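Thanks for coming. I will go through one model this morning, chain by chain, and then the contact between the chains.

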Amino acid sequence: MGLLNYLIRRLLLMVVILFGVTIVVFSIMMMLPPGQRVAIYLQDERVNAEQFEALIEKYGLNDPAPVQYARWVKSVFKGDFGFSVTAQAPVVDGFKQYFPVTLELVLLSGPLIILVGILLGSAAAVNKDKPIDHFARIFSIVGYSLPTFWLGLILLMIFYGYFGLFEPGILSNEYRDVFFSEGFKSFTGLLVIDGILNNRWDVAADAFWHLVLPTINLVILSSALIMRLMRSSMLESLGQDYIRTALAKGASKKVIIAKHARRNALIPVVTISGLMMAGLMAGMVITETIFSRPGIGRWMAQASLRLDIPAIMFNVLFLSGVYVLINLVVDIIYAYIDPRIRLA
Amino acid sequence: MDKLIETKELYTNFYTYEGTVRALNGVSLSMKPGETYGLVGESGCGKSVSVRSMMRIVQSPGKIESGQINLFMSDKDHQKGIDILKRSETYMQSVRGNSISMIFQEASSSLNPVLKIGDQVGESFVFHRHEEMVKEAIDRLLEKSEKSSNGLANFFRNISVKLLQSELNSIEKYDLKVAEIDKELLEIEDNEDEASIARKHSLNFWRDRCQEYNFLIKIQRKIPILNAYQRGIGKAIRRNVLQLLTELGIPNPSNIIDRYPHELSGGMQQRIVIAIALACHPELLIADEPTSNLDVTIQAQILDMIKDLKKTKISSVLFITHDLGVIAEVCDRVSVMYAGDVCETATVKDLFKNPQHPYTKGLLNSVPKVEQGEKLATIPGVVPNLVTPPSGCRFHPRCPYAMEICKNEKPEIFELNDEHSTSCHLYSQKEDK
């Protein structure tokens with residue numbers, strides 16, 4: 001019952017946090033003059049100055065802030081987040097369209113980032129000062145210090161520019177028609193999975209093909225930190241007294257690494273990995289823009305440039321929700337790995 | 001002479017950023033079977049490094065540079081003594097925790113915080129008694145299927161027995177292979193010609209690479225549902241752990257077995273560490289300051305426990321401590337170490353009554369006594385930095401009897417009588433006259 005109790009308490013706390021986020025987000029929006037905020041209610045129509053004043057009056061944009069806040073929260077609870085100019089659709093519909101594209105990339109690259117980071121990190125620690133360690137250390141320095149957009153552009157230049165492989169986007173033109181055709185049912189919005197479910201493996205393969213470059217980009221950039229952390233944490237763990245006890249018991253090197261050292265070393269890595277997964281969603285802005293994938297990252301970038309306030313507010317709210325949820329998951333994994341931590 | 005383990009001129013160095021720490025400076029010790037041997041000296045004198053070298057668990061950046069460690073065990077292969085520094089790593093793994101085991105200071109950090117006590121104690125059985133565990137699991141299953149008449153359950157039991165037997169076969173095959181290699185190694189042990197050395201090298205190499213499990217067994221252990229048969233082995237290990245803990249007089253073992261180290265008291269943790277060491281009935285138990293960091297009552301309990309065990313379970317104990325009181329209480333023979341050198345070796349009685357080496361004398365003088373009125377005697381000076389150890393006898397800068405020769409030459413071991421030896425120029429000079 002301990003876990004259930006804990007979950008309920010944490011979820012209640014999450015509601016409080018999200019409430020705080022709404023206040024912050026709303027306050028930022030309120031810094032804009034009413035004249036700009038009117039744009040929220042305009043669906044890209046042209047209005048003259050008189051209508052403008054009338055609209056400000058109509059939507060009560062000159063009312064005291066708490067009143068406006070209450071009005072906004074009310075509409076949010078109704079599921080109405082307003083109209084996104086950049087998506088040319090209500091915010092929620094825009095989200096449904098853009099989110100799967102991001103999710104697909106996160107689902108593929110996230111586990112890869114963690115796996116590469118952990119495996120390379122522990123291999124480097126076990127073979128300290130040997131070639132693989134040097135390689136891992138150079139890899140991490142390079143990966144950590146390269147700017148995302150630069151590596152992305154270089155990858156595109158080499159693979160797409162010179163070899164014509166891995167074009168940007170999410171689908172090739174010929175398959176885009178298939179995707180939007182009548183017979184093709186969208187179950188999840190994830191192109192690869194939809195392709196498989198529709199028994200169109202060619203579509204799935206094409207969608208996967210488009211995922212390769214952005215995934216490589218993300219893995220090189222993000223696994224560097226995890227690898228670095230795993231290496232130092234593993235080294236520390238390998239120097240602990242219980243490793244000596246295991247040695248004295250007659251454990252082989254393999255058992256010592258897999259059973260005794262790695263699990264202890266994972267504890268700090270789990271925290272960073274969780275934050276990184278949440279950060280991956282938020283950090284899609286550059287990756288998706290460069291590889292022209294219409295996901296929420298690119299949506300947010302465009303929304304910021306065009307002052308598409310409803311879209312920005314919704315995404316900020318969504319991403320903070322993701323952060324809080326992932327933190328909860330991390331805490332539970334934490335308690336599972338390290339028995340000294342109690343969920344209380 | 002009857003021996004259990006001996007080290008000859010053992011040099012162990014640690015390669016740190018500050019320089020090479022010459023931790024052991026030709027340590028020669030010799031232990032007889034059945035005795036409790038004490039190793040005493042101040043912190044950093046190389047006591048722990050000596051015994052870790054004996055088990056070959058000196059961790060990086062440490063390295064055993066030269067010397068010999070001869071192991072004499074009661075089984076027939078070991079009677080003439082095997083130099084374990086020349087053996088392969090897998091050979092050492094079969095020795096560690098099996099015929100020699102070790103208990104450590106600071107039990108709280110010696111136990112893995114994320115594994116249950118049962119798993120940590122049980123590991124010794126996994127490493128050294130795997131065959132017996134599998135056999136026990138098979139016996140249990142056969143027994144059960146004889147008793148029950150449930151056809152379906154018996155069908156599954158039969159499958160489990162088949163799988164366990166395949167595992168047993170693979171273990172036996174591995175043991176045979178290893179035994180073959182060991183036999184050949186033993187035959188050419190003393191040969192020093194080029195061909196034998198190369199052969200020894202390759203044999204040791206192949207011993208490390210013998211696979212205990214063939215590919216099929218590896219897969220059968222990984223497949224879910226099918227690998228349920230492994231539970232039989234787990235249960236057998238658990239029964240053995242329970243029995244071991246009960247034998248050691250640990251209260252409420254069935255509860256302790258499912259706990260994590262941080263949930264136990266310091267004394268209990270030390271008992272668990274002892275249980276791990278004793279799981280496979282070692283011939284030699286090395287106790288590396290087992291009572292430091294425990295309070296006095298618990299110290300006494302742990303010492304009593306080791307003394308009891310000495311009577312009932314283990315024949316020989318190598319006891320490391322900086323506490324002369326503990327030495328007087330538990331040991332038969334003692335070696336005194338200073339800065340990586342063995343200064344003096346004697347029976348406990350002889351050492352306390354008739355210390356010969358100036359360092360031993362100083363050490364015994366600096367023990368506070370109840371009736372003592374004047375100021376406590378100390379040895380002037382400080383322990384040398386072992387990156388730049390003093391030349392000759394490492395004790396000479398602090399020695400009240402230091403002579404010219406002490407600065408230049410490392411003293412030989414000088415035997416005063418059968419049981420008493422010391423390495424000091426004072427005595428070798430006397431002999432010259």
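Among contacts in chain A between residues at least 6 apart in sequence, what percentage join residues at least 24 apart? The figure is 72%, where two residues are in contact if their C-beta atoms, placed from the backbone, lie within 7 Å.

Before going on, some housekeeping. This is a predicted model, in which local features need pLDDT of at least 70 and side-chain atom pairs count only at pLDDT 80 or more, while totals for chains, interfaces and linings use all residues. Residues are numbered from 1 along each chain as its sequence is written, and chains are lettered from A and ligands numbered from 1 in the order in which they are written.

Chain A, then. Its secondary structure consists of 15 helices and 2 strands. Those are DSSP runs numbered from the N terminus, with helices being H or I of at least four residues and strands being E of at least two. Along the principal axes, the C-alpha atoms of chain A fill a box of roughly 85 × 55 × 40 Å. Chain A has 344 residues, and 33% of them count as buried. Buried here requires 20 or more other C-beta atoms within 10 Å of the residue's own; exposed is 12 or fewer, partly exposed is in between, and the C-beta atoms are placed from the backbone.

One residue of chain A as an example: A:Gly297, which sits in helix α14 (residues 296-305). Is A:Gly297 buried or exposed? A:Gly297 is buried, because 24 other C-beta atoms lie within 10 Å. Leaving out residues up to four places away in sequence, A:Gly297 touches A:Thr102, A:Met284, A:Val285, A:Thr287 and A:Glu288. For A:Ile256, 41 residues from A:Gly297 along the chain, the C-alpha separation from A:Gly297 is 42 Å.

Now chain B. Here we have 17 helices and 12 strands. The C-alpha trace of chain B spans about 90 × 60 × 40 Å along its principal axes. Of its 433 residues, 38% are buried. For contacts in chain B between residues at least 6 apart in sequence, 65% join residues at least 24 apart.

The strands. Chain B has an open sheet of 4 strands in the order β2-β1-β4-β5, with antiparallel pairing. Its edge strands are β2 (19-31) and β5 (82-83), each of which pairs on one side only. Pairing means that DSSP finds at least two bridges between the strands. Strand β1 (residues 5-16) of chain B is joined to β2(B) by 10 bridges, and the two run antiparallel. β1(B) and β2(B) form a hairpin, with 2 residues between them. Within that pairing, B:Thr16 stands opposite B:Gly19, and B:Thr12 stands opposite B:Leu24. β1(B) is also joined to strand β4 (residues 62-71) by 8 bridges, again antiparallel. There, B:Lys8 stands opposite B:Gln68 in β4(B).

Next, helix α9 (residues 230-247) of chain B. Why does its length agree with expectation? At 1.5 Å a residue, its 18 residues should span 26 Å, and its end C-alpha atoms are 26 Å apart; the expected span is 1.5 Å times one less than the number of residues. Just after α9(B), B:Gly249 has a positive phi of about 70°.

Which residues of α9(B) are buried? They are B:Gly232, B:Ile233, B:Ala236, B:Ile237, B:Val241, B:Leu244 and B:Leu245. As background, an α-helix has 3.6 residues a turn, so residues three or four places apart point the same way. The buried residues of α9(B) pack against α4 (117-128), α5 (130-147), α6 (151-187), α10 (253-256) and α11 (266-278) of chain B.

Take the α5(B) pair. α5(B) and α9(B) pack at an angle of about 105°, with axes 8 Å apart. Axes are lines fitted to C-alpha atoms, for helices over the stretch in contact, and angles run from 0 to 180 degrees between N-to-C directions. That makes α5(B) roughly perpendicular to α9(B), a class covering 65 to 115 degrees, with under 35 counted as roughly parallel, over 145 as roughly antiparallel and the rest as oblique.

Finally, the contact between the chains. It takes 18 residues from chain A and 25 residues from chain B. On the chain A side, α11 (241-249) and α12 (253-282) are the elements giving two or more residues. The largest share, 7 residues, comes from α11(A).
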